[in-house]
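Please look at the sequence and the model shown here.

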Amino acid sequence: MASLESGITVDELSSSSDSPAEIAPQPAAPPDDLVEDHIRPRLDPDFLRYFVKVVARQPPAHTIPLDDVRANPDKYRSPIAVDTTHYERVADHLVSSQDGASITLRVYHPDPIKFGPGPYPVHMNHHGGGFVLGDLQSEAQLCLSMREAGVAVVDVNYRHCPETIWGKCIQDAWAALNWVRDASIKLNINPTSVSIGGVSAGAHISVVLQHMARDAGIPLRLCLASVPPATDGLSYRYYTESPFASFHEFHRAPVLPWKRIQYFGKFSMPHDKMPELRKLWPDWWLCPIRATNWSGLCDTFIRTAEVDPLRDEGEAYGMKLVAGGARVTFKRYLGCPHTFMYLPFMKQKDEYDRDAIEALRIAHGLHDRG
């Protein structure tokens, strides 16, 4: 079964040709053979059309060699990917991580004509991609959209597996958060008005940072976690190891099926490396839902997709926050697969963008501006 995730999709829906040159065509198959019976009626019709016309005609994502993705990034970019290198009010900064490695942050400033001269609240974004894929183009459209809340948005280009061992991504994000607060004057941002967030793997990073910031006494206005993995599911040998119903129900979903989760897992949390990873990092870094202290955590907006194996664990993480006394907003986007926010033809994608803007305005006290 074909699948679609961050960094391995094509945007050919509006084309009269269903088979772009770079895609290896496969024999057309009726929708009944492409999506399982219990899943098909629940999918948004626009997504189902896209899946049948485009995604199902390319090789399954888990069969694409990572070397090919690394060598040909433009071939596998998501439909919303944008190169914002020379955009107005966008600038890159190099930051040193804990081990001295350099990572790049791309900072998006809002329009001063609309939102005044600053200093601006700041939102830290961490892209998705299974800890393996993604770059500063992957979620550039989301960053451009979120700055319309009147906040500066910092896109964190953390290091990926397998070139870097899992866990360095969290150290990179932590270094970025601290650098941004320390560089507040240079960046024209308010270091007391900071929020964090991300999609999928980026959401996992964000919920770990949520605990780290609490422990370090760093106040956060909001954690904006979208389709978050809250367990160490990338290390599972079998999908049946998950205690969550959605992981079982959608293990053959059209987006992020079990075979794709295994693909990411073999690069980020391979079975033979798990003893080393468990010695290197706290257990709750690997599995945030197993954190032991749930008090004093910041406001959180958990966004999940209905047809997503990670749906239930993300919502369960949110309920842990509620039990710990945090204020949590939940929203489940009906009919949507895991990476629906990367698909510009879906109505729920527009809704997702509007929801982020509104949540950031409220969190940062900007709801009467812009």
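## Pockets, cavities and the sheet

The second largest pocket holds about 280 Å³ of space. Of the 13 residues lining this pocket, L222, D299, T329, A359 and I362 are the closest to its centre. Strand 7, strand 8 and helix 14 are the elements that give two or more residues to its lining, and helix 14 gives the most, with five residues.

This is a predicted model, in which local features need pLDDT of at least 70, side-chain atom pairs count only at pLDDT 80 or more, and totals for chains, interfaces and linings use all residues. Residues are numbered from 1 along each chain as its sequence is written, and side-chain values use heavy atoms, with hydrogens and water left out.

Rolling a probe the size of a water molecule over the atoms shows where empty space is left. On a 1 Å grid over the protein atoms alone, a cavity is a set of points where a 1.4 Å probe fits but cannot get out; a pocket is an open set with protein on both sides within 12 Å along at least five of seven lines; lining residues have an atom within 4 Å of a point. Points are joined across faces, edges and corners, and a volume is the space filled by probe spheres set on the points.

There are two cavities of 30 Å³ or more in the structure. The largest cavity holds about 230 Å³ of space, and 22 residues line it, with S200, P229, L234, L256 and L310 the closest to its centre. Helix 8 (201-216) and helix 10 are the elements that give two or more residues to that lining.

Helices (H or I, at least four residues) and strands (E, at least two) are DSSP runs, numbered from the N terminus. Helix 10 (residues 258-268) has eight buried residues among its eleven, where buried means under 20% relative accessible area, exposed over 50%, and partly exposed in between (1.4 Å probe, protein chains only). These buried residues pack against helix 3 (66-71), helix 9 (245-249) and helix 11 (274-280); contact means heavy atoms within 4.5 Å.

Eight strands form an open sheet with mixed pairing, in the order 1-2-4-3-5-6-7-8; two strands pair if DSSP finds at least two bridges between them. Strand 1 (90-96) and strand 8 are at the edges with a single partner strand each, so one side of each has no neighbour in the sheet.

How many of the eight residues of strand 7 (residues 300-307) are buried? Eight are, so strand 7 is largely enclosed by the rest of the structure.

| Pair | Bridges |
|---|---|
| Strand 6 (residues 222-226) and strand 7 | four |
| Strand 7 and strand 8 (residues 328-337) | seven |

On the strand 8 side, I302 has F330 as its bridge partner. From strand 7 the chain crosses through helix 13 (residues 311-323) to strand 8 in a right-handed β-α-β crossover: with the strands pointing away from the viewer, the path from the first strand over the helix to the second runs clockwise.

F301 belongs to strand 7 and counts as buried because its relative accessibility is 8%. Leaving aside neighbours within four places in sequence, its contacts include L222, T329 and A359.
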